[in-house]
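Here is a short note for a colleague opening this entry for the first time. Please keep the viewer open while reading.

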Amino acid sequence: MAGGEITNNCSKEGGAARNESNKNCINGNDNDTNGATRKKASAMDPEAFCCVLQPVASDSGDSGTDYIGIRRILLSRKAESGCYRRLDWRCNGKGYVAYRNFMRRPRNWEKLHTPSRTSTAGNSGRWLSASSSFSHLFELENWTNSSKDKGSVPAASNQRTSLSSRISDSDRPRQQAVELAYSFVGMHCIFDQGKAAATVLKFGHMSSDVLAYGASDGTLVVCNVSEPPSVIKQLSGHSKDVTDFDFSSNNQYIASSSKDKTVRVWDISKGVCIRVIYGVSPKLCIRFHPVNNNFLSVGNVNKELTVFNFSIGRVITKLSFDSEVTAMDHDHAGQFIFCGDAQGCVYSVSMDSRTGTLSRSYRYRSSNKNKPKYPVTTVQYRSFSSMTKGPVLLTCTQDGVILFFSVALESQGYLTLRCSLKLSSRVHSTRASFCPLISVDKGEYIVVGSEDSNVDFYDLTRPKHKSVNKLQGHSFPVIDVAWNHGENLLASSDLSGVVIVWKRAKT
């Protein structure tokens with residue numbers, strides 16, 4: 001009975017009937033119902049069948065006959081006592097496996113979060129029990145609940161009690177502060193009407209309710225995540241993938257870039273395109289200037305960073321780089337643009353907020369020249385970090401390397417590498433993001449999409465950078481993640497076009 005396995009072993013006695021009896025041997029690991037298994041066993045019990053065919057020894061006499069009779073009775077009852085009693089055994093409404101897992105539970109199980117049921121887009125956020133390597137933990141969760149309230153079995157599958165972290169033996173025990181800081185109560189809403197991969201998503205500036213995401217079929221969808229969640233506008237105009245977009249400072253406009261070589265500016269309230277800027281190469285990233293919203297900075301495949309005046313649609317200035325400009329972000333004052341290219345280099349570019357003039361001031365390049373180069377998928381600036389006590393920059397490349405820089409704005413945006421994190425290599429261009437600083441006393445946390453369909457949280461201050469949290473709910477690789485302004489909602493998008501908005505637990 002090691003590990004809770006229930007098996008019946010067919011008797012090896014019986015001579016010529018051995019092969020026939022083995023075909024009818026009952027497997028205790030079968031998933032048939034108890035009634036069907038009983039019916040099958042009563043029709044042809046392998047132990048009794050083998051015993052009946054066993055010949056009586058010629059030299060045994062009467063005693064041998066009695067021995068065979070007793071043996072027949074004992075062997076015919078072996079399956080009933082050894083298997084079916086365990087299948088029928090119940091305590092507080094739970095079976096043998098649940099009781100075994102309850103007895104083997106960790107000492108601090110009550111303090112740890114249990115993993116959530118998987119969820120799919122078509123299921124609208126309801127948790128589904130799925131057969132996996134963690135299914136025994138679900139039994140354990142139910143047993144724990146029923147042991148507290150005997151005679152009642154709570155319907156845990158009807159509640160949106162999401163994961164907040166996925167527990168494994170190697171991760172126990174975890175610090176309570178981390179769990180409180182980044183635990184989630186479940187899914188707030190799901191947008192699953194998309195038919196193509198949701199490649200990029202963002203919340204509006206200083207907004208906790210407006211969410212937009214771009215897809216590989218060229219569409220932009222603007223949503224309202226407040227109760228009740230709804231789709232505000234669906235913006236169609238691009239003929240190829242939407243590679244990036246950005247909200248204006250007042251969330252009145254959206255500027256989008258695409259592989260169709262165009263930049264489009266949309267009026268959200270009217271749902272129409274008010275400006276189209278044509279180019280000669282695919283556009284990969286785009287940003288409104290944080291102070292002067294007339295300026296649009298666009299990176300393209302032609303190794304250029306171009307500044308447009310979107311009111312008139314003209315080019316203000318250009319700056320050439322060594323490779324394709326794949327990602328960018330502004331500092332909050334608009335004095336610098338931080339860019340990443342297709343070779344994994346990170347640049348600091350000075351920008352004049354009045355004239356739009358650009359000048360490259362610093363470049364970070366990996367010291368390992370023999371290492372393959374991968375494009376930068378994420379560049380994100382933050383004005384303050386608890387680790388550096390100053391501005392920082394987060395970058396992520398397609399091979400899963402995350403770099404964390406401190407930024408010296410007084411020295412022309414000089415970048416100093418503080419730490420790095422190596423994740424598994426990605427096939428798709430997944431993005432990462434800083435986590436909020438609320439309720440966190442120590443540490444520097446980031447959230448990143450994963451190709452195993454999870455949303456992972458990491459602490460950059462930990463020596464081994466182990467995952468401190470994991471959100472499960474997507475069925476396809478997670479491409480992008482984004483926090484709202486109130487930092488109580490986290491949105492994630494995947495390769496199938498599903499966008500899930502997770503609600504953070506109150507701390």
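Which residue in S20 is the bridge partner of leucine 393? It is phenylalanine 405. The points below start there.

1. **Ground rules.** This is a predicted model, in which local features need pLDDT of at least 70, side-chain atom pairs count only at pLDDT 80 or more, and totals for chains, interfaces and linings use all residues. Residues are numbered from 1 along each chain as its sequence is written, and side-chain values use heavy atoms, with hydrogens and water left out.

2. **The S19 and S20 pair.** Strand S19 covers residues 392-397 and strand S20 covers residues 401-408. The two run antiparallel and are joined by five bridges. Helices (H or I, at least four residues) and strands (E, at least two) are DSSP runs, numbered from the N terminus. Two strands pair if DSSP finds at least two bridges between them.

3. **The sheet around that pair.** S19 and S20 belong to an open sheet of four strands, ordered S18-S19-S20-S21, with antiparallel pairing. Its edge strands are S18 (376-382) and S21 (414-422), each pairing on one side only. From one strand to the next, the twist averages 20 degrees. For such angles, axes are lines fitted to C-alpha atoms (for helices over the stretch in contact), and the angles run from 0 to 180 degrees between N-to-C directions.

4. **Lysine 389.** This residue is found in the loop between S18 and S19. Lysine 389 is exposed, with a relative accessible area of 61%. Here buried means under 20% relative accessible area, exposed over 50%, and partly exposed in between (1.4 Å probe, protein chains only).

5. **Lysine 303.** Lysine 303 lies in the loop between strand S11 (295-300) and strand S12 (304-309). Its phi is near 65 degrees, a positive value in a residue other than glycine. Lysine 303 counts as partly exposed because its relative accessibility is 40%.

6. **Strand S23.** Are the residues of S23 mostly covered or open? They are mostly covered: five of the five residues in 445-449 are buried. Tyr445, Val447 and Gly449 point one way, Ile446 and Val448 the other. In a regular strand the side chains alternate between the two faces of the sheet.

7. **Neighbours of S23.** S23 has antiparallel partners to inspect. Three bridges join S23 to strand S22 (residues 432-434), where alanine 432 stands opposite valine 448. Five bridges join S23 to strand S24 (residues 454-459), where valine 455 is the bridge partner of glycine 449. The hairpin of S23 and S24 has four residues between the strands, and serine 453 takes a positive phi near 75 degrees.

8. **The largest nonpolar core.** This core has 18 residues, and those touching the most other members are Val447, Val455, Phe457, Trp483 and Leu490. Two or more residues come from each of S1 (184-191), S23, S24, S25 (467-472), S26 (478-483) and S28 (499-504). A nonpolar core is a set of buried Ala, Val, Leu, Ile, Met, Phe, Trp, Tyr and Cys residues joined through side-chain atoms within 4.5 Å. Not counting residues up to four places away in sequence, valine 447 touches residues including Val455, Phe457, Val481, Trp483 and Leu490. Contact means heavy atoms within 4.5 Å.

9. **Histidine 205.** This residue lies in the loop between strand S2 (198-203) and strand S3 (210-215). Histidine 205 is partly exposed, at 36% relative accessible area. Its contacts, not counting residues up to four places away in sequence, are Asp246, Phe247, Ser248, Ser249 and Asn251. A polar atom of its side chain lies 3.0 Å from the backbone oxygen of phenylalanine 247. The C-alpha atoms of histidine 205 and asparagine 484 are separated by 8.5 Å, though the two residues are 279 apart along the chain.

10. **A cis peptide.** Please check the bond from glutamate 227 to proline 228: it is cis, with omega near -10 degrees. Proline 228 sits in the loop between strand S4 (219-224) and strand S5 (230-236).

11. **The whole chain.** The protein chain has eight helices and 28 strands. Buried residues make up 51% of its 507 residues. Among contacts between residues at least 6 apart in sequence, 51% join residues at least 24 apart.

Notes:
Polar contact = N/O pair within 3.5 Å; in protein donor to acceptor, adjacent residues only side chain to side chain.
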